[in-house]
Amino acid sequence: MIEAKAVTKLIDGRPVLSGISFQMPEGAMYGIIGPNGAGKSTLLRLMSGVDAPTEGSLTLHGKAASSYGRKELARWLAVLQQGGLDPAGFTVKEVLAMGRYPFQNWLGEEKKDAEPIIADALRLMGLTALAERKLDQLSGGERQRVALAKVMVQEPQLLLLDEPTTFLDIGYQVSLLDTVKQWQQEKKLTVVAVLHDLNLAAHYCDFLLVLNQGRIEAFGRPEQIIEPELIAQVYGAKGVVVRHPVTGVPQLLLQPSGPG
């Protein structure tokens, strides 16, 4: 379980998060949404243990996230950073193999055979044909898929995604989130994703946490969150909410403010 109690985070003396509290039980997919500067990525960094709250506590399984050893935490928590991987002189397969580092001894050996895990991640992300291609020969979207495959090889119980669809066209956005959702359901993972697209967030997340100016505006199921009054309050935008004709999920249609 992820639990925040009165979490405040100051950056350069300015409050980016202000006294937020929530619980995220295991086994669901959570979306963190809100306008630019709301504190979404900062909250994800606190969950990852990279940063500690200035005040309050953020715990994973009852222990402060920032108190875990990095390798210890990496055995069950993985993070996909915004923007994916930087170009480098490694092949796709070599990058995926790096995802097994938390399970290796000082000689770079582990008890488990990682080859089937790597092969499966390549297949799931449509990267098998690119396995021997170097990272700096790939497009931004392809590198983002490699970054997610590397995370899959890590076999986490908790997965944190910071804007995972960055650099991806709409087809790959849906494909990537389909893969994450299927993986989450099959492995009973807990997934927390910072997302900008509210319609994608409503489709793939079980719960949505809305941040606005460092505070929690709302936290609930998509049908409780994707509604015109809340969207206008948080984003300053008018919209109409309709049900998706196939899935029934609430979808936001933005309403132009100018003359039709």
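Biologist: How many residues line the largest pocket, and which lie nearest its centre?

Modeller: In this predicted model, 15 residues line the largest pocket. Those nearest its centre are D120, L124, M152, W183 and K187.

Biologist: What is the make-up of the lining by class?

Modeller: Nine of the lining residues are nonpolar, two are polar and four are charged.

Biologist: And how much space lies in the largest pocket?

Modeller: The space there comes to about 290 Å³.

Biologist: What radius of gyration does the chain have, and what would a compact globule have?

Modeller: The protein chain has a radius of gyration of 19 Å. A compact globule of 260 residues would have one near 18 Å, so the two agree. As for extent, the C-alpha trace spans about 60 × 45 × 35 Å along its principal axes.

Biologist: What share of the residues counts as buried?

Modeller: Of the 260 residues, 47% count as buried. The protein chain exposes about 12,800 Å², and carbon and sulfur atoms supply 51% of that area.

Biologist: Last topic, contacts: among those between residues at least 6 apart in sequence, what share joins residues at least 24 apart?

Modeller: For the protein chain, that share is 63%.

Notes: Residues are numbered from 1 along each chain as its sequence is written. This is a predicted model: local features need pLDDT of at least 70, side-chain atom pairs count only at pLDDT 80 or more; totals for chains, interfaces and linings use all residues. Side-chain values use heavy atoms; hydrogens and water are left out. On a 1 Å grid over the protein atoms alone, a cavity is a set of points where a 1.4 Å probe fits but cannot get out, and a pocket is an open set with protein on both sides within 12 Å along at least five of seven lines; lining residues have an atom within 4 Å of a point. Grid points are joined across faces, edges and corners, and a volume is the space filled by probe spheres set on the points. Ala, Val, Leu, Ile, Met, Phe, Trp, Tyr, Cys and Pro count as nonpolar, Asp, Glu, Lys and Arg as charged, and the others, Gly among them, as polar. The radius of gyration is taken over C-alpha atoms; the globule rule is 2.2 Å times the number of residues to the power 0.38. Buried means under 20% relative accessible area, exposed over 50%, partly exposed in between (1.4 Å probe, protein chains only). Contact means heavy atoms within 4.5 Å. Accessible areas come from the Shrake-Rupley method with a 1.4 Å probe; for residues, only the protein chains shown count as cover.
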